[in-house]
Amino acid sequence: MAILFYLSRGIRLALAQNRILASGELLQSFKLYRYRVVVSGLVLSNQLAVCPFTTLAYRPVYLCQRFSQIRGFVTGRSETKARSEFEQQGKEELNCKMLPVKPFERLPKTVVPVHYDITIKPDLVKLVFEGHESVTLKVVEPVDQIILNSLELELENIRIADESGQETNISNIVLDVENEKVTFKLDSMLQPGQYYLKLAFKGAIIDKLKGFYCSKYVSADGEERYSGVTQFEPTDARRAFPCWDEPAVKATFDITLVVPKDRVALCNMPVVSELPYEADPNLHVVKFDRTPIMSTYLVAFVVGEFDYVEERSTDGVLVRVYTPVGKKEQGRFGLYVAAKVLPYYKEYFGVEYPLPKMDLVAVADFAAGAMENWGLVTYRETCLLVDDQNTSTQRRQWVAIVVGHELAHQWFGNLVTMEWWTHLWLNEGYATFVESLCVDHLFPEFKIWTQFVTDTSTPALDLDSLKNSHPIEVPIGHPDEIDEIFDDISYHKGAAIIRMLHNYIGDDDFRRGMKLYLTRHKYGNTFTEDLWAALSEASSKPVGSIMSGWTKQMGFPVIRVTARQEGDDKRILQLSQQRFLADGTKDENNTMWMVPIEIATSRSPTTPSKSFVLEGETAEVVLDDIRPDDCFQMNPGQVGFYRTCYEPDLLKQLVSAIDHQTLPPLDRLGLLDDLFALVQAGHSSTVEALTLLEAFANEDQYTVWNRVCSALSKLSHLLAYTEHHELLKSFGRRLLGGMTRKLGWESKPDEEHLTKLLRSLLLGRMAMFDDPEVIAEAERRFDLHIKGQEQVPADFRSTVYKAVLRTGSRSKYDDLLRIYREATLHEEKDRIASALGTIKNEEILKEVLAFAMSNEVRSQDTVFVISSVASSKLGRELAWNYFKDNWDLFNERFKGAFLLVRLVKSLTENFASEEKAIEIDNFFKEHHCVGTERTVQQSVESVRLNAAWLGRDAEAVGIYLTSKTNAAVSQ
């Protein structure tokens, strides 16, 4: 059983399933420090403590991956034994590289807010705001100071009074800018009871896409104006009003906005009154209803000019979609989804949505895709608005997914909230899993669970195979560390292991467990163990014992499989597990998981014939009723979060099943995905993977082709650094050509959703392979498009834009810039922005980089324009040098924002030499980039993996591709 030392008020010792010591018991003499511990490049912990009975100076207080470590505490063993185990682990830690990080302490719980009454008056011309608040406080124990969060605010008129109105003098005010706190020092002690903190504040409406920020738009008469928008997750409510800005410090809120009469004002709750503002007849006072008890990061308000469409859901909730003026019809698809999702979740979870309204707002400037503010969800325009003529099938599906995701948060995250950011995955992993439940319910034609593997599981497996990955539950301290964990681990690995768990306990028990979890903890905060307890109780299965290793350990296993046939109807399998590492090395910690295993045979490939939990390193499994010529596959449906490595003879049988398409589509792509991962790790050859790819020439399933194209794209990035790149393009054209020609360019009546996606996918990839027929047809269609004679369908407009730029034509580039400048649909701007980087002309690529940083491109989109340039070998070097040369500008614009994390990743991870890995590492050592430390480590590791891959296989790949090209020519 994995053991977690969890640090909160005092020190809490916790088991995976249930915390066994109250706060402060037994370990109360530990002293908390802040360090990052790195062992062989792995960040193990951000929490350190001095142990009272060990000679070591510092102790990691995090996951003990081996069951034997420190169990003396929890099994009644002697202190001598416990000391011995601590000391042994400590000797290993002496070899750790200690990297000091910012010291951090959470807010004290001696004073907590109960209720906020906040009034804010924004000036959307001068881009400043002022406000005042009264906070009802509960003093828990005698204190002579009050500490809360405040950042970039000017505070004045600060008063503290008890219930009778008696004020306590404030002797000093201490601002701690680095830790984003303010301390009010008091002349006398406050005794336990209720008090009121009243103050006024002023601040700037910034353009950094966080806090209370401005979003630029152009009015109907051509005037440039600004909306006021909030984005408080994770820790930016403190930029808008002083508060206790931690997820576990919940309160209720009364919010009032003083805004121009001709602007729409929105907040979490409905409007209860609108009154004139006596000091200015052009303003009015909009007061909103009181919120439920909630965390500060979920508070939201928006002020601007909007149209809206509305519908009342079947369970009585008023749903509105607010759009930019003139675009309300584009809000109808999002409205349809939202109005159907709310009652679906109510029925599925057995818990009502507790607010009377649900507003969805499309915002022009927005860093993320969307934000789940309770009752007021904010979205990028491209994640909410759908234009029937100009929105692609892929984008329409994405809107449904994002709406489903954010509304899932109204239960997972808002009604029940993680206790601290360490448990972020309880919000994001669950919402990512549940979004697929609701989209599958509303749009079964999307076959969303078949896409889950390629869009969710595979990205998580790729990232989690790195030594610089992190556990799902990663210790978080200073706010600078939080943005980095909004990644494929928290979202996608979290969702993937929930899917595995859902499959293991069954849908009925899963739903019962969800209802128990939500009702037991509503309006409260939870740890991961609370979720496991509810699901264990509902299913009568050892959920905590099985799942704790998946959330507290980084990585995942590869299951190695050998088999022998006994007689005509029995096969004996030998299974073994070990951690899968992308560099092919052995895990020194011998990490183990409890792995839910399913096995299916060719007689019934979609129905598992054997299900069990692999609890140790090895197991022997007997398959009955299986003939010598039958094959079997591990992990049918790719539900388990692990890789599979078959012995060669077993792999040959499965490749034959691919040829005959007797292996189900998800298992076909799973086999390919696992093999490519093994190739990267050096456990198999790239030639073997290319041979397997040829078996997919007649494939007809979108999800399988999606993975085939991803594999080819990865190889293209690598081989661009060799003389074999053109040979790979030729190979790709031959592989994809048959299905591309079969599908053609024209949609058929009543064509399936996934067929539309497949056509767009194949045409796009063929354009990147410089297929002359595809590029010629794209140029023909583009010419008609810009002349206004025949519009290019939205489904392959992106393909056409990229294809026509492949020739490096200045005129085509200028045409696309003109379309970009004239477009009012943000999706169209995104299509063009992502296409610009595909041009092969070096001088124009430099212009694209400058364009990305110009006022013509919104800050939220700058990253994606530059990333498109970095998608080619030529562009990558140009973009990287541009980034280095303009470091101060990038750091100023994106500092502390997760957009910078994305940019660093896209700029660096596809290089393929040791020299470049050293260069990247040294640059970020010299130019500290807050919040990107782990991303830099991951990118450097990926570059070295790429270099090693090329060093092993480049020559053999060249020989293989040359032989295939020669054979094709001779035919």
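Trainee: In this predicted model, which residues of α21 are buried?

Mentor: Gln860, Asp861, Thr862, Val863, Val865, Ile866, Ser868 and Val869.

Trainee: Let's move to α6 and α9. Why is α6 called roughly antiparallel to α9?

Mentor: Look at the angle: the axes of α6 (residues 489-505) and α9 (residues 543-552) cross at roughly 160 degrees, coming within 11 Å. Angles over 145 degrees count as roughly antiparallel, so α6 gets that label relative to α9. The crossing is right-handed, too.

Trainee: Which residues meet there?

Mentor: From α6 you have Lys493, Ile497, Met500, Leu501, Tyr504 and Ile505, and they meet Val543, Ile546, Met547, Trp550 and Thr551 of α9. That contact divides into nine nonpolar residues, one polar and one charged.

Trainee: Now the sheet of eight strands. What makes β12 and β20 its edges?

Mentor: The open sheet runs β12-β11-β15-β9-β8-β18-β21-β20, with mixed pairing. β12 (167-168) and β20 (271-276) each have a single partner strand, so one side of each lacks a neighbour in the sheet.

Trainee: How do you know that β18 and β21 really pair?

Mentor: Pairing takes at least two bridges, and five bridges join β18 (residues 252-260) to β21 (residues 283-288). These two strands run antiparallel, and proline 260 stands opposite leucine 283 in β21.

How values were computed:
Residues numbered from 1 in each chain as written. Predicted model: local features only at pLDDT ≥ 70, side-chain atom pairs only at ≥ 80, totals over all residues. Heavy atoms only, no water. Buried < 20%, exposed > 50% of the residue type's maximum accessible area, 1.4 Å probe, protein only. Helix = DSSP H or I, 4+ residues; strand = E, 2+ residues; numbered from the N terminus. Axes fitted to C-alpha atoms, helices over the stretch in contact; angles between N-to-C directions. Parallel < 35°, antiparallel > 145°, perpendicular 65-115°, else oblique. Left-handed = near helix turned anticlockwise from the far one by under 90°. Contact = heavy atoms within 4.5 Å. Nonpolar A, V, L, I, M, F, W, Y, C, P; charged D, E, K, R; others polar.
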